[in-house]
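Hello,

Here is the structure I promised to pass on. Please open it alongside this note; what I found follows below.

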Amino acid sequence: MRFLRKWLVPILAALMIVCIALAFVPLTEREEAAAKADLSEMLDTAFARIEAGESAADPVVVAEKENLLDKTRAVVRFLAHDDNLLETDALITLCDQLGTDQIDVANGEGVLIASSNATRIGVDLGAEDAFVWTMGAIDDPQAELVQTEPDDESIIYCCVARSDIEGFVLLTRDDPFVDSAVEQSGPDALVEDIAYGNDVLFVAANSKGVDGYFYDSGNLCLRKTQGDVTLIAARDISDVFAARNAALFALAVGLICIVVCGIASYLLRLEPVVLLDEDGRQLEAGEERASLNPGEPKEAEAPQPKKQRRRKPRPQPEDGEAQDDGEEANQAAARRPRKKRPPEPSAEDAFDNIRD
């Protein structure tokens, strides 16, 4: 009993700590595995959407290329009927009417003889790596060539050979429809709404690095590369282990309740302690015990003097009444039978008694 009184609370507290420690490890591993699975699923969804979106802008690009090709053919027919259109101002007006950004006219050697941008007149397109492909229109007068910028599909070039003389016409257009379609089908736009809650998903600017899981700035991260696109998904550690923390808190509260109930049950089983006096009588609340040591003798209490009762004075009779009362008392005494005294034993009787 003394052991329980001393070690009951420490033992219960130690058991509570052990239970929490045993639950901490499996809960942590489970929540971390679940978070990793969520991040991996998020990246798989993002790459699937990017793959499907790569061709989303193709119909728009094809349509705008065909539209620019028709405009280039029209310019070739205009030049075949009117050489005055080779003036810079005329080409600028023609650009506004056709909705193109620039019109260039080259001779049979690839040198620009007219342009809506006067600063480009005299430029040898055959000597530039970006426009060397236009020389194919000179080699094949029936060729109709269409190209786009390698880094920007919205910039379209269309080259058609002239029908009246040797040379070609080159139209350039930065198409806003293609630009919008390409932007909406880009990785940044496609993965923008995939992340949910407080998770983060973005396209990594630097494709160099090792793919896999890692912790950075209080976040669990996953890096993955597919093709030329690298994505990184991240989740805050507080969100990763939120369920674990809630479970541990509930477990701690439950164990504390068990400990309190156990201590209360133990205390209720104890016999109540009462205060008794020296005679074994239970003292009431507020009543003091005379002596804490039952063997200690009580101190002698000084006897208190008894109060004397006052006698009422008898009334004095008058002289005539006193005499009558005296006579009546004498008569009553005379009427009372007198007790006979036993005869005194003589000396002989005493001797006979001794002998007997």
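Strands β1 (residues 102-106) and β5 (residues 168-174) run antiparallel and are joined by five bridges. Ala106 stands opposite Phe168 in β5. Please keep in mind that this is a predicted model.

Helix α3 (residues 88-98) packs on the sheet here. Helix α3 touches β1 and β2. The direction of helix α3 makes about 135° with that of β1.

A further helix belongs in this picture. Helix α2 (residues 58-81) lies across β1, β3, β4 (155-161) and β5. Helix α2 runs at about 40° to β4.

Now the sheet as a whole. Five strands make up an open sheet with antiparallel pairing. The order is β2-β1-β5-β4-β3. The edges are β2 (112-115) and β3 (144-148). Each has a single partner strand, so one side of each is left without a neighbour in the sheet. On average, neighbouring strands of this sheet are turned by 20° against each other, direction ignored.

There is also an open sheet of four strands, in the order β6-β9-β8-β7. The pairing there is antiparallel. At its edges are β6 (200-203) and β7 (212-216), each pairing on one side only. The twist averages 25° from one strand to the next.

Which strand is joined to β8 (residues 219-226) by eight bridges? That is β9 (residues 229-236), and the two run antiparallel.

Best wishes

Conventions. Residues numbered from 1 in each chain as written. Predicted model: local features only at pLDDT ≥ 70, side-chain atom pairs only at ≥ 80, totals over all residues. Heavy atoms only, no water. Pairing = 2+ DSSP bridges. Axes fitted to C-alpha atoms, helices over the stretch in contact; angles between N-to-C directions. Contact = heavy atoms within 4.5 Å.
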